[in-house]
Amino acid sequence: MLNQKYVDMLSKKSVIRQLSEFATARGKEIGYENVFDYSLGNPSVPVAPEFTEGLIELLAKEDPMKLHGYSPSLGIPEVKEAIAASLKERFGLPYTADCIFPTSAAAAAIAHAVRCVTVPGDEVLTFAPYFPEYNPYINDSGAVLKVVPPQTEDFQINFDEFLRMLNPKTMAVLINTPNNPTGIAYSDATLKKLAKILSEKQEEYGHDIFLISDEPYREIVFDGAKCVSASTYYDNSIMCYSFSKSLSLPGERIGYIAVNPNCKDAAKMVNMCGQISRGIGHNCPTSLLQLGIARVLDKTSDLSVYETNMNLIYNELIDLEFTVVKPGGTFYIFPKALEDDAKVFCEKALKYDLILVPADSFGCPGYFRMAYCIDTEKVKRSLPALRKFVETEYPNR
Ligand SMILES: Cc1ncc(COP(=O)(O)O)c(C=O)c1O
């Protein structure tokens, strides 16, 4: 018998994927260069050349048995050491290899983290708007994802609602900063307040509450801002990192978990990840990729195009009198739609070959997301289409 749970999921295809498929089909009719496709968060800049050069060298010189052999189930020790050293240097905490578990990017990191610190029925709180894949990531483990409503003035944490929703069943809080879909980075004040509340609630409830910090956009920050890791603000935290966006490697599926070294169970949790992998069939990223990534831990692709694109779009949106908070990073922007139903708004935009994503599935109806990881030249060409769309469809607003 087929498992009905997954059969049912087949009819709930992601809106983002559907829109992206629409964009591809439309591209076949009018040329993809004429479709202003802001649907998918797929990096638009090439991988850092140092990564490619490193891989070529590894393939030419490294022992093939090491390159293509099974990775130890907790990851290759020298790779874990290199990751720990890089984190220690950057964030000033005493990371060691024991805190590190290489994963198939952030998706697998979150899948492991949630299984480490919850049992079925426990609650995991996250904050709207949030990455819709958190639903399967969390709910498939048996834990229950609960969503704290948004604070739309600035998209920082809505602490009143958070405090209302925290309860003794809350075993983990999942955050993502800089954030998909808003592009907003949590302020230092927000992260400190969050850490304080979690510490107090751990005490009150008499059990740990873990902070799972999903950080794939950590390196994509604007205006000269410093990269911060939210997981360094709170001892019971698990960093879920990915090279998908910083090095433009989403297809390679490579990232890691780094448990905060001040968490008393850090080494035990990494060991537990090895056991969790057995159950979910993960078994570490490829040895080749682990060794390749270890050589470029502090490198990124040239990410500057995202800030250029953001400024072009943000300025146009402001000129068109949209309500929008200026992103502090990522390659997303999150304006309020010009009518209550963002799905209708985005459907009307299709007539102008603008592919915008309504934010209902991000837990924030009435808003839409633009993923501006596209060529700057195309962004520039899309702006007159955006203006025409607004002026034609909403002349009297
Ligand atoms: C917020 C967030 N978390 C996690 C992921 C998963 O990314 P990956 O598994 O490629 O690291 C994404 C991908 O877009 C994302 O936007």
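The model is predicted: local features need pLDDT of at least 70, side-chain atom pairs count only at pLDDT 80 or more, and totals for chains, interfaces and linings use all residues. Residues are numbered from 1 along each chain as its sequence is written, and side-chain values use heavy atoms, with hydrogens and water left out.

**Ligand site**

- The ligand sits in the largest pocket. A pocket is an open set of points on a 1 Å grid over the protein atoms alone, where a 1.4 Å probe fits, with protein on both sides within 12 Å along at least five of seven lines. A molecule sits in a pocket if more than half of its atoms lie within 2 Å of the pocket's grid points.
- There are 14 residues around the ligand, and Asp-214, Tyr-217, Ser-242, Ser-244 and Arg-253 come nearest. A residue is near a molecule if one of its heavy atoms lies within 4 Å of it.
- The shell around the ligand divides into seven nonpolar, four polar and three charged residues. Here Ala, Val, Leu, Ile, Met, Phe, Trp, Tyr, Cys and Pro count as nonpolar, Asp, Glu, Lys and Arg as charged, and the others, Gly among them, as polar.
- Helix α6 (residues 105-117) gives the most to this shell, with three residues. Helices (H or I, at least four residues) and strands (E, at least two) are DSSP runs, numbered from the N terminus.

**Polar atoms at the ligand**

- An N or O atom in the side chain of Asp-214 is 2.6 Å from a nitrogen atom of the ligand.
- Tyr-217 has a polar side-chain atom 2.7 Å from an oxygen atom of the ligand.
- In the side chain of Arg-253, an N or O atom lies 2.7 Å from an oxygen atom of the ligand.
- On its own, the ligand has 390 Å² of accessible area, and the protein covers 92% of that. Accessible areas come from the Shrake-Rupley method with a 1.4 Å probe; for residues, only the protein chains shown count as cover.

**Backbone exceptions**

- Most residues other than glycine have a negative phi, and most peptide bonds are trans.
- The peptide bond from Ala-128 to Pro-129 is cis, with omega near -10°. Pro-129 is in the loop between β3 (123-127) and α7 (134-139).
- A cis peptide bond also runs from Asn-180 to Pro-181, with omega near 20°. The loop between β5 (170-176) and α9 (188-205) holds Pro-181.
- Arg-253 has a positive phi, near 55°. Its place is the loop between β7 (237-242) and β8 (255-259). Arg-253 is partly exposed, at 34% relative accessible area. Buried means under 20%, exposed over 50%, and partly exposed in between (1.4 Å probe, protein chains only).
- Asp-353 also has a positive phi, near 60°. It lies in the loop between α13 (342-350) and β10 (354-355). Asp-353 counts as buried, at 12% relative accessibility.

**Glu-215**

- Glu-215 lies in the loop between β6 (210-214) and β7. Glu-215 counts as buried, at 0% relative accessibility.
- Its side chain makes a polar contact with the side chain of Arg-218 (2.9 Å). The side chain of Glu-215 also reaches the backbone nitrogen of Ser-231 at 3.4 Å.
- A polar contact is a pair of N or O atoms within 3.5 Å; within protein, one must be able to donate a hydrogen and the other to accept it, and residues adjacent in sequence count only if both atoms are side-chain atoms.

**Leu-59**

- Leu-59 is in helix α3 (residues 49-61) and counts as partly exposed, at 49% relative accessibility.
- Leu-59 and Gly-292 are 233 residues apart along the chain, and their C-alpha atoms are separated by 9.7 Å.

Key. 1 Å grid on protein atoms, 1.4 Å probe; cavity = no way out; pocket = protein on both sides within 12 Å on 5 of 7 lines; lining within 4 Å.
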